[in-house]
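Here are my notes for you, in numbered points. Have a look at the model first, and then we can go through it together.

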Amino acid sequence: MRWFFVLLVAVNAVFFLSGKGAISLEQVSFTPEDKGNIQLLSELGQGEQKSLSNEALSNDDPVTAAGPRVCLYLGPYNNKDEVRADGESFEEIKLFTEKYERSADYWVYLGPYSSFNEAAKISAELRGKRIDNFIIRGGELKNAISLGVFTTDERAQNHAKGLLKRDYRVAVKRVAKEGIRYWMAYIGSEGDQSYKDIARVMAKKADNNKSLEKKSCNLIASYQELD
């Protein structure tokens, strides 16, 4: 009888201990980062619990992005009125002005001198030796004497060598000629229907002088928007 009583007490003790250590599934969090580790939700902060639930919801959201931004450029236009006329039919289109180097000349020169009178004295001396020249009246080379303007550096250097042989310490300077041209630009996502529609119409305006191209949107930062 005594052994039966001891057995009954032992069984009750086992059930009590196993009930004390039981954990419900609702209290356990399995996260991919844990790689098999188990963490109680009660050990997580309230903010962490919210982020877990938000993450689960976001995984079910459909992907709605139409794609990265793309910039379409049509041009160049040489005439401001022409680009305005072509751009009037698009509210989304932006018009831009671009300054660019159209060409360059290579100047052979003496000086600059401290004053126009000093330059005029040297200029007269050169003419007396049958060396054509003129005095530059403004700009970076003001009061210098131009001894020739050439379209290539090679021709300018050859002329300078001839003058150096005659003891004239000349120099050669590259002088850029600036031009202005105009562009029509559209910024959008290739997945959007509006992008496809506008690209189709812009393509119809392309010709032998103007092309439609996809280029870096960073170019816009170097252009000036046309008023």
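1. Let me start with Glu82, which has a relative accessible area of 35% and is therefore partly exposed (buried means under 20% relative accessible area, exposed over 50%, partly exposed in between, with a 1.4 Å probe and protein chains only). Before going on, please keep in mind that this is a predicted model, where local features need pLDDT of at least 70 and side-chain atom pairs count only at pLDDT 80 or more, while totals for chains, interfaces and linings use all residues. Residues are numbered from 1 along each chain as its sequence is written, and side-chain values use heavy atoms, with hydrogens and water left out.

2. Which residue forms a salt bridge with Glu82? The partner is Lys210, and the closest N and O atoms are 3.4 Å apart (a salt bridge is a side-chain nitrogen of Lys or Arg within 4 Å of a carboxyl oxygen of Asp or Glu). This pair links distant parts of the chain, 128 residues apart: Glu82 is in helix H3, and Lys210 is in the loop between helix H6 (193-204) and S8. Helices (H or I, at least four residues) and strands (E, at least two) are DSSP runs, numbered from the N terminus. Lys210 is buried, at 7% relative accessible area.

3. Helix H3 spans residues 80-87, with Val83, Asp86 and Gly87 buried. Viewed down the axis of H3, the buried residues fall within an arc of 95 degrees, so they line one face of the helix (the arc is that of the directions from the helix axis to the C-beta atoms). S3, S4 and S7 are among what covers them (by contact, meaning heavy atoms within 4.5 Å). At the start of H3, a side-chain oxygen of Asn79 comes to within 2.8 Å of the backbone nitrogen of Asp81.

4. Now for the strands. S3 (residues 69-77) and S7 (residues 171-189) run antiparallel and are joined by seven bridges (two strands pair if DSSP finds at least two bridges between them). S4 and S7 also run antiparallel, with 15 bridges joining them. Tyr182 in S7 stands opposite Tyr77, and Tyr182 is also the bridge partner of Thr97.

5. Arg174 and Glu101 meet through their side chains in a salt bridge of 2.5 Å, N to O. Arg174 lies in strand S7 and Glu101 in strand S4, so the pair ties together parts 73 residues apart in sequence. Arg174 is partly exposed at 44%, as is Glu101 at 43%.

6. Is Asp105 buried or exposed? Asp105, in strand S4 (residues 94-110), is buried, with a relative accessible area of 14%. The side chains of Asp105 and Lys177 are joined by a polar contact of 3.1 Å. (A polar contact is a pair of N or O atoms within 3.5 Å; within protein, one must be able to donate a hydrogen and the other to accept it, and residues adjacent in sequence count only if both atoms are side-chain atoms.)

7. Finally, a search of the whole structure finds one disulfide (a pair of cysteine sulfur atoms within 2.5 Å). The disulfide joins Cys71 to Cys217, with S to S at 1.9 Å. Cys71 is buried at 1% relative accessible area, whereas Cys217 is partly exposed at 21%.
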